[in-house]
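Look at the model shown below and keep it in view while reading.

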Amino acid sequence: MALTLDELAQLSGAELRGESSRLISRVATLDEAGEGAISFLANRRYKSQLKSTDASAVILAEEDAADCPVDCLVSDNPYLAHARVMSVLYPEPVGSVGIHASAVVEPSAQIDGSASIGANCYIGPGVIVEADVVIGPGCVVLDNAFIGEGSRLVASVTLCTDTRLGRRCLIHPGAVIGGDGFGLANEEGAWVKVPQIGRAILGDDVEIGSCSSIDRGAIGDTRLADGVKIDSQVHVAHNVQIGEHTALAGCSAIAGSSKVGAYCTIAGGAGITGHVELADHVHVSGVTSVTRSIGKPGLYTGTVPAMEHAVWLKNFARLRHLDDMVRRVKQLERELAALKDGSGGEA
Amino acid sequence: MALTLDELAQLSGAELRGESSRLISRVATLDEAGEGAISFLANRRYKSQLKSTDASAVILAEEDAADCPVDCLVSDNPYLAHARVMSVLYPEPVGSVGIHASAVVEPSAQIDGSASIGANCYIGPGVIVEADVVIGPGCVVLDNAFIGEGSRLVASVTLCTDTRLGRRCLIHPGAVIGGDGFGLANEEGAWVKVPQIGRAILGDDVEIGSCSSIDRGAIGDTRLADGVKIDSQVHVAHNVQIGEHTALAGCSAIAGSSKVGAYCTIAGGAGITGHVELADHVHVSGVTSVTRSIGKPGLYTGTVPAMEHAVWLKNFARLRHLDDMVRRVKQLERELAALKDGSGGEA
Amino acid sequence: MALTLDELAQLSGAELRGESSRLISRVATLDEAGEGAISFLANRRYKSQLKSTDASAVILAEEDAADCPVDCLVSDNPYLAHARVMSVLYPEPVGSVGIHASAVVEPSAQIDGSASIGANCYIGPGVIVEADVVIGPGCVVLDNAFIGEGSRLVASVTLCTDTRLGRRCLIHPGAVIGGDGFGLANEEGAWVKVPQIGRAILGDDVEIGSCSSIDRGAIGDTRLADGVKIDSQVHVAHNVQIGEHTALAGCSAIAGSSKVGAYCTIAGGAGITGHVELADHVHVSGVTSVTRSIGKPGLYTGTVPAMEHAVWLKNFARLRHLDDMVRRVKQLERELAALKDGSGGEA
């Protein structure tokens, strides 16, 4: 597929500066782009690559336009314009409609005629698959799950019983949605399982990355609101509630029964403890542990940055004596004040 | 299914206060329960919901009984009583006995007649599947694995060669048991794989959460004792030994050859380094790194709590100068002491 | 299979001290070895087990030879010699050549006649499978993926579209290679997906552990060079570049677009932030967060070691006041200096 710069400008809401009929057939990075490719500049780190790019055009912000040696599409949000150009030049492949001969579909499942069920899938009893759903090869969808219109399970996805996906959800391989949460009662030291009867309910336009676990609720439901985006290797525990358009990056985790507001971002490796509540617009830095509720929007951090091992070695043993040091500083302050008072420094 | 409060009291070992013939058919949370539902109060955070509950009955502790507006089951351990009520009202679904037509079972595998093998499963040569085992759709069980009586692989589970599960184990989707550990020798910079020939051996009543990895031993075996409970997204490395009734919460990890005692709890995101030993009854807080052996029962913590980013920014750069600060405080103490001695503050 | 000590010495490049014709049929740990078994000593922690071992022979370093009660193979690198002995005594099982009747292979896929495709696999259109490749049961290989000569997918592996594996790669169950990276543009709060069109490209001799995610590139490719070794539960995000013979231990993660050099080691649970660069021969300690580029080889650490909870409790609240404490110490120093100057301590 090839489109003109003018068409791409209109589709992406950007302003064209250059030859409107120039044909663009692909997207590439600034340093790898060539004839027929459009590139983008959205991260200052890559500004130095702009001047020498061989791209046919570049999507960028007004402030960078003067430095662009080729045609450009100017946008207030170059990364968003880039996303739209990508969507047009690289549409999702259309699966072949119908049920693959090797798939096992229980008789009571309801599969829309426009849906695609891939090779070696299993679709359990009572499952409902709406229009235009694409289920790639090797997926398992257990009893009474519901998959909303236009959703896609790429491959090797498992949806457990009663799981509900909204419309246009995108679930990547290895993800497990609706697995049991970690509910255990203790009887004189031994654990007794608490059956997990809640569901995992995903809104519209939710994306779940590869090998992520979204556990079902214990009694009530685990709920991911519309537009929630979850990266690979993430754990969302039972009864968690996540608000609209909140994004969780790779290896992050939310423990049981916590509520994360809307428009939050949880960076990679961050963790939210159980039974807490985060307001809307809370942003958690990478590898940060949230150990209590956060009622105020803003950025929160607890990352310990790596340092040369020798520096770490001599400093970190001190952490367990911080309190003692504070006390000693206070004592010094008292003594010094007393000295200055002429009392001889006894405190 | 519906049971009377009296029946539930007896099954759960709780004391009934209320109408013994009241019928209960389901469990719900305090704020969502209605007619015919039983609820429970086991976490102080939810006490405020007790007074306004519409549940037909509530399981709770003696101290909360006076505040309960409806019938109640009084227990020393309300959460345990709740677990038992759940088990009765929500029994595990019984799979259809037999081998699904789409499953591939190698001729030398021995499948008990009461077992259930789901759609699209693969059961390798020499595998033994005992009575009442349920293997859900899409599971792969490799050569010579052993699955003890009454165990259940929910779906999409992989058991590698020689893996052994005890009785009544419960393995959730995406879990991989008995995959290779990370054994590498170094030859002038390049890595040479060390074949991993040990096994992963699970005792009775072990539960493994979704997408967790329990690696096989390098030479000896990785061993999880009876009653070990493991949440989603957990990594247990080669040759780890875990004692009875120890529980590992989501995203925790134990590195190679470490031994964790019995009745331990490892909270979410916590990590145990390799080649160390934890005594029985050791409890590790969330996101805490255990970097050496722990010989004494108790709670251990190393969590860095999140803070406002600006607060973090000005404080955490100081971490690499802690040692210097301690030295300066000591120097101040010496100088001050000398001053008070009248020596002029020289130390 | 049994070999003589002399044969093992030659195969492993070690020096034999003992009876050259002694037959060895297996490998065992020092404390579990018996007649016919060879053991090894490569970690000082296990030195105490040497004297009482019942092994027929032990692989060890010169410095330990005098303490060995049985025959030994002396090596400069006992663990490497052990790896070689293991490879000979425990060769990889040879899969049965050919395509299992239950596998689904698209007509346009090219499968070498010497390859093995296991039960319930799916091999998509345009896939190329080279000679001696073994694909275990339950794998899904999507469109146009390429699997180089002698590579092995153990079982339940998913390779997404366009993924390329070099020769002799080893991929463990549950791993997902080439899944979408986390590319999102923001439009007034809502996320807009950025199609991920790059590939995941693995060199020769790459190993990927169970349930790990290696995401495809956004536009350019994610690249793992020859000899990269990755443990279980690891996340490598889009566009990451990893140099030759670098190893990533369990639960580690590298965020998007970062470059890790050759001969690096990233220990368990460590994380590298996005868009940074690590030089060759950088070693990152367990559970350490690398938050900026590292240009110099060496060991880097940021681990907070666990401590008794009460010790933690009184010390860690101080972390958010470190900066204040440093200021107070400076003030004390100024005041004390002034006192000693006879100025009365006003600073």
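Helix H5 of chain A is followed by A:Gly342, whose phi is positive, near 85 degrees. This is a predicted model, in which local features need pLDDT of at least 70 and side-chain atom pairs count only at pLDDT 80 or more, while totals for chains, interfaces and linings use all residues. Residues are numbered from 1 along each chain as its sequence is written, and chains are lettered from A and ligands numbered from 1 in the order in which they are written.

Helices (H or I, at least four residues) and strands (E, at least two) are DSSP runs, numbered from the N terminus.

Which residues of H5(A) are buried? They are A:Leu322, A:Met325, A:Val326, A:Val329, A:Leu332, A:Glu335, A:Leu336 and A:Leu339. Here a residue is buried if 20 or more other C-beta atoms lie within 10 Å of its own, exposed if 12 or fewer, and partly exposed in between, with C-beta atoms placed from the backbone. An α-helix has 3.6 residues a turn, so residues three or four places apart point the same way. The cover over the buried residues of H5(A) includes helix H5 of chain B, as well as H4 and H5 of chain C.

Next come the contacts between chains. Two residues are in contact if their C-beta atoms, placed from the backbone, lie within 7 Å. On that basis, 61 residues of chain C are in contact with 62 residues of chain B. Helix H3 (78-89), strand S40 (307-308), helix H4 (309-316) and helix H5 (322-341) of chain C each supply at least two residues of this side. H5(C) provides the largest share, nine residues. The side divides into 29 nonpolar, 22 polar and ten charged residues. For this count, Ala, Val, Leu, Ile, Met, Phe, Trp, Tyr, Cys and Pro are nonpolar, Asp, Glu, Lys and Arg are charged, and the others, Gly among them, are polar.

Strands also join the two chains. Strand S39 (residues 298-301) of chain B pairs with S40(C) in the antiparallel sense over two bridges, and two strands pair if DSSP finds at least two bridges between them. In this pairing, B:Thr301 stands opposite C:Met307.

Chain C has another side, where 62 of its residues are in contact with 60 residues of chain A. H5(C) gives the most to this side, with seven residues. By class, the side has 32 nonpolar, 22 polar and eight charged residues. Strand S40 of chain A and S39(C) pair in the antiparallel sense over two bridges, with A:Glu308 opposite C:Tyr300.

How are chains C and A related? A rotation of 120 degrees with 0.0 Å of shift along its axis superposes chain C on chain A, with an RMSD of 0.1 Å. The two copies are thus related as by a three-fold rotation axis. The copies use different surfaces: 15% of the contact residues of chain C recur in chain A. Copies are superposed by least squares on the C-alpha atoms of residues with pLDDT of at least 70 in both.

Finally, take C:Thr265, in strand S34 (residues 265-266) of chain C. C:Thr265 is buried, with 22 other C-beta atoms within 10 Å. Leaving aside its neighbours within four places in sequence, C:Thr265 is in contact with C:Ala247 and C:His283.
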